[in-house]
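Hi everyone, thanks for coming. Let me put the sequence and structure up on the screen, and then we'll walk through it together.

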Amino acid sequence: MNPLNDPALVYLRALLATRLARLRDEEERTKGASAIEWAIITAILALIAITIGAIIQKKVQDKANSINTG
């Protein structure tokens, strides 16, 4: 009789495999959520940068238009 085919060991291997599968799935979900969070943060920061750039451009344009060139 093969000791690796003992019912207790078969049960233990199945239990371990199930737990490892859960850990792997959760790890994948965490990576996905993290990527989504980074994408949202990046989009927000890009929007802020574009807004600040537009405000600066507007102020410079207004000041340039107010200069009397005569």
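Predicted model: local features only at pLDDT ≥ 70, side-chain atom pairs only at ≥ 80, totals over all residues.

Residues are numbered from 1 along each chain as its sequence is written, and side-chain values use heavy atoms, with hydrogens and water left out.

So, I41: it counts as partly exposed because its relative accessibility is 41%. Buried would be under 20% relative accessible area and exposed over 50%, with partly exposed in between (1.4 Å probe, protein chains only). Of the protein's 70 residues, 0% count as buried.

I41 sits in helix α1, residues 7–66. The protein has one helix and zero strands, taken as DSSP runs (helices H or I, at least four residues; strands E, at least two), numbered from the N terminus.

I41 also belongs to a nonpolar surface patch of about 1,000 Å², whose members include W38, L45 and V60. Patch residues have over 30% relative accessible area and no salt bridge, and nonpolar side chains (Val, Leu, Ile, Met, Phe, Trp, Tyr) are joined within 5 Å, like charges within 9 Å.

Now, the charges: there is one salt bridge, meaning a Lys or Arg side-chain nitrogen within 4 Å of an Asp or Glu carboxyl oxygen. K58 and D62 form it, at 3.3 Å, N to O. Both are in helix α1, four residues apart, about one turn of the helix.

How values were computed
Areas by Shrake-Rupley, 256 points an atom, 1.4 Å probe, with all protein chains shown as cover.
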